[in-house]
Amino acid sequence: MNLEGKKAVVTGGSLGIGAAIALELARQGADVAINYRRHEEDAARVVQQVQAAGRRGLAVRADVSSAADAGRMIEQTVEAFGGLDILVSNAGINRDVVIWKMTDSQWDEVIATNLTGSFNYIRAVAGIFKAQQSGKIVTITSINGLRGKFGQSNYAATKAGLIGLTKSVARELGRYNVNVNAIAAGLIETDMVKDAPASVREAALNEIVLGRLGTPGEVAAVVAFLCSEAARHITGEVIRVDGGQYI
């Protein structure tokens with residue numbers, strides 16, 4: 001999976017799965033820009049690790065739900081790196097609550113970050129990729145966008161919407177040699193999951209055929225593959241990385 005000389009943007013790249021993706025792309029040879037909203041020190045640490053891998057790194061304070069921020073970040077990245085080849089739309093949040101208790105803000109915030117955020121960045125890079133007749137876009141969705149989840153109507157709606165967005169953009173940009181794919185992750189061993197109640201972890205483990213949670217690195221490896229020329233004839237796909245949690 002040679003990404004030597006490629007330039008990438010990873011949203012939500014300061015922590016968890018996003019940080020693992022940023023570092024894996026750097027290890028495979030790409031320069032990597034990440035955004036952050038609150039975790040400035042974590043973002044700086046990821047940039048240092050990208051640089052330690054011998055690649056250029058960039059951290060930009062940007063709210064993914066802001067179209068203006070998305071456009072500004074893409075412009076800064078192109079200026080800093082001299083171009084752009086890869087977008088990984090990973091940023092996401094959850095505000096879990098049953099539908100009859102869900103507030104407008106809990107719905108709106110998740111939609112704005114998870115779905116509108118991906119739209120903002122995909123739209124911002126689409127013209128660049130179309131003009132240069134090449135590009136890779138990978139979105140990070142969830143198996144709960146395929147099956148739904150109790151207490152996650154807002155989150156599942158965004159992840160289902162992201163699948164539709166991914167497939168539509170794959171159709172629109174395919175003629176310009178741009179690959180657009182999604183990864184539907186199962187429960188992954190992030191800091192947030194480590195802090196989850198034992199009952200939540202146990203319920204997930206009972207669903208997972210392989211009997212363990214996934215790691216951020218395992219998601220990152222599939223992202224790197226989809227961003228490589230080895231995956232040049234794959235587009236519009238939703239690849240589950242879930243250990244068989246949803247079969």
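**Around one threonine**

Author: Happy to. With neighbours within four places in sequence set aside, Thr113 is in contact with Val64, Ser65, Ala91, Gly92, Ile93 and Ser118. Keep in mind that this is a predicted model.

Reader: Which helix holds Thr113, and is Thr113 buried or exposed?

Author: Thr113 lies in helix H4. Buried means under 20% relative accessible area. Thr113 has 10% relative accessibility, so Thr113 counts as buried.

Reader: How far apart in space are Thr113 and Glu75?

Author: In sequence, Thr113 and Glu75 are 38 residues apart. From C-alpha to C-alpha, their separation in space is 20 Å.

Reader: Glu75 brings us to H3. What span does H3 reach from its first C-alpha to its last?

Author: Helix H3 covers residues 67–81, which is 15 residues. At 1.5 Å a residue, 21 Å is expected, and the helix comes close to that. From first C-alpha to last, H3 reaches 21 Å.

Reader: Why do the buried residues of H3 line one face of the helix?

Author: The buried residues of H3 are Asp69, Ala70, Met73, Ile74, Thr77 and Phe81. An α-helix has 3.6 residues a turn, so residues three or four places apart point the same way. Seen down the axis of H3, the buried residues line one face because they fall within an arc of 130°.

Reader: Which residues are exposed on the other side of H3, and what covers the buried ones?

Author: On the other side, the exposed residues are Ala68, Glu75 and Glu79. The cover over the buried residues of H3 includes strand E1 (7–10), strand E2 (31–36), strand E3 (57–61) and helix H4 (104–132).

Reader: What residue follows H3, and what is its phi?

Author: H3 is followed by Gly82. The phi of Gly82 is positive, near 85°.

Reader: Now for the charges. How many salt bridges does the structure hold?

Author: Side chains of opposite charge can pair when their charged atoms come close. One network of salt bridges links Glu4, Asp31, Arg55 and Arg56. The structure holds 13 salt bridges.

Reader: Which parts of the chain does the pair of Arg61 and Glu40 link?

Author: The side chains of Arg61 and Glu40 meet in a salt bridge, at 3.2 Å from N to O. The pair links distant parts of the chain, 21 residues apart: Arg61 in strand E3 and Glu40 in helix H2 (residues 40–52). Arg61 is partly exposed at 43% relative accessibility, and Glu40 is partly exposed at 45%.

Reader: In the salt bridge of Arg240 with Asp242, what is the relative accessible area of Asp242?

Author: The closest N and O atoms of Arg240 and Asp242 are 3.8 Å apart. Arg240 is partly exposed, with a relative accessible area of 42%. Asp242 is buried, with a relative accessible area of 10%.

Reader: With which residue does Arg212 form a salt bridge?

Author: Arg212 counts as partly exposed at 41% relative accessibility. The closest N and O atoms of the pair are 2.8 Å apart, and the partner is Glu218.

Reader: One last thing: which residues form the nonpolar patch on the surface, and what is their accessible area together?

Author: One member, Phe150, lies in the loop between helix H5 (144–147) and helix H6 (153–173). At 70% relative accessibility, Phe150 counts as exposed. Ile99, Trp100 and Phe150 form the patch, and together their accessible area is about 460 Å².

Definitions and conventions
Residues numbered from 1 in each chain as written. Predicted model: local features only at pLDDT ≥ 70, side-chain atom pairs only at ≥ 80, totals over all residues. Heavy atoms only, no water. Helix = DSSP H or I, 4+ residues; strand = E, 2+ residues; numbered from the N terminus. Expected span 1.5 Å × (residues − 1). Buried < 20%, exposed > 50% of the residue type's maximum accessible area, 1.4 Å probe, protein only. Arc of directions from axis to C-beta. Contact = heavy atoms within 4.5 Å. Patch = residues over 30% accessible without salt bridge, like charges linked within 9 Å, V, L, I, M, F, W, Y side chains within 5 Å. Areas by Shrake-Rupley, 256 points an atom, 1.4 Å probe, with all protein chains shown as cover. Salt bridge = Lys/Arg side-chain N within 4 Å of Asp/Glu carboxyl O.
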